[in-house]
Each structure stands twice: as C-alpha cells, then as structure tokens.
Amino acid sequence: MCSSDLRFDAIVLDQLNSIKKVLASKNKEYGIGDRLHNFKVAARIANSTPERALHGMMMKHLVSVFDMVDACENDCIKLTMPLIEEKCTDLVNYVILLKALLIERVEKSAGY
C-alpha cells in the first residue's frame with residue numbers, strides 16, 4: 001500500500017470519527033432522543049415534509065463547501081484544517097440525516 005493510500009484511509013477514519021462525535025453531541029443537545037426533531041418541527045411550521053425542510057437547511061452547508069472550492073481558486077477565504085473539517089462534516093452529516101428521514105418514511109409506509 002502506498003503512502004497516499006494510507007493517508008486517504010486515515011482521512012476516512014478521521015471523518016467517520018468526526019461524524020460520530022458531532023451526531024452524538026447533537027443528540028445530547030436536543031435532549032429528546034430524536035436527531036430528526038428539528039426537521040420534523042420545521043416541516044410542520046412550513047407545512048412541508050421533513051425531507052424538504054432538511055433540504056432547505058442543507059443548502060447553507062452546501063454553499064459553505066462551494067465557497068471553500070471557490071477559495072481554492074481565488075484565495076478569498078483562508079482554508080484551514082479546522083474549517084475544512086467543520087464544513088465537510090456538516091455536509092456529510094446532513095446527507096446521513098436525509099438518509100435517516102427517507103428510511104423512516106419508507107419503513108412507516110411499509111408498516112414496520
């Protein structure tokens with residue numbers, strides 16, 4: 001295995017640890033045992049679906065990641081390791097939360 005493969009594997013493991021840490025802390029922060037709570041409440045307020053509510057909230061995180069990509073080209077934002085960690089983890093976590101909402105919907109409609 002070459003050093004770039006080892007580095008990539010280390011990045012993956014680090015990302016997985018960050019995902020667990022952030023999602024666990026959010027569950028404690030909400031204190032109600034449902035990491036999807038905010039999306040469900042936002043959906044009720046907006047007369048929408050939890051998935052659509054998450055979609056709207058996720059746009060902020062997507063824009064932040066796109067801003068980092070732009071920063072690579074024009075140096076308008078100083079990229080740092082903590083910034084990369086935070087923004088990429090936020091976006092990955094939103095995809096995981098979306099998956100959880102979609103699975104919950106399928107299971108509910110199938111009567112699980």
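## Helix α3 and V63

Helices here are DSSP runs of H or I with at least four residues, numbered from the N terminus. V63 sits in one of them, helix α3. The model is a predicted one.

V63 has a relative accessibility of 46%, so V63 counts as partly exposed. H37 lies 26 residues from V63 along the chain. The C-alpha atoms of V63 and H37 are 23 Å apart.

H61 has a relative accessibility of 11%. Buried means under 20%, so H61 counts as buried.

Leaving out residues up to four places away in sequence, H61 touches D90, L91 and Y94.

## How α3 meets α4

Two packed helices are described by the angle between their axes and the distance between the axes. Helix α4 spans residues 81-110. The axes of α3 and α4 come within 9 Å. They cross at roughly 160 degrees. Angles over 145 degrees count as roughly antiparallel, so α3 is roughly antiparallel to α4.

The crossing of α3 and α4 is left-handed. The residues of this contact divide into 17 nonpolar, two polar and four charged.

## The aromatic pair

How many aromatic pairs does the structure hold? The count is one. A pair of aromatic rings is described by the distance of the centres and the angle of the planes. The partners are F39 and Y94. Their ring centres are 5.7 Å apart, and the planes stand at 80 degrees. That geometry is edge-to-face.

N47 is found in the loop between α2 and α3.

Is N47 buried or exposed? N47 has a relative accessibility of 73%, so N47 counts as exposed. H61, at 11%, counts as buried. V63, at 46%, counts as partly exposed.

Terms used
Residues are numbered from 1 along each chain as its sequence is written. This is a predicted model: local features need pLDDT of at least 70, side-chain atom pairs count only at pLDDT 80 or more; totals for chains, interfaces and linings use all residues. Side-chain values use heavy atoms; hydrogens and water are left out. Buried means under 20% relative accessible area, exposed over 50%, partly exposed in between (1.4 Å probe, protein chains only). Contact means heavy atoms within 4.5 Å. Axes are lines fitted to C-alpha atoms, for helices over the stretch in contact, and angles run from 0 to 180 degrees between N-to-C directions. Helices (H or I, at least four residues) and strands (E, at least two) are DSSP runs, numbered from the N terminus. Angles under 35 degrees count as roughly parallel, over 145 as roughly antiparallel, 65 to 115 as roughly perpendicular and the rest as oblique. A crossing is left-handed if the near helix is turned anticlockwise from the far one by less than a right angle, and right-handed if clockwise. Ala, Val, Leu, Ile, Met, Phe, Trp, Tyr, Cys and Pro count as nonpolar, Asp, Glu, Lys and Arg as charged, and the others, Gly among them, as polar. Rings of Phe, Tyr and Trp (its six-membered ring) pair if their centres lie within 6.5 Å; planes under 30 degrees apart count as stacked, over 60 as edge-to-face and the rest as tilted.
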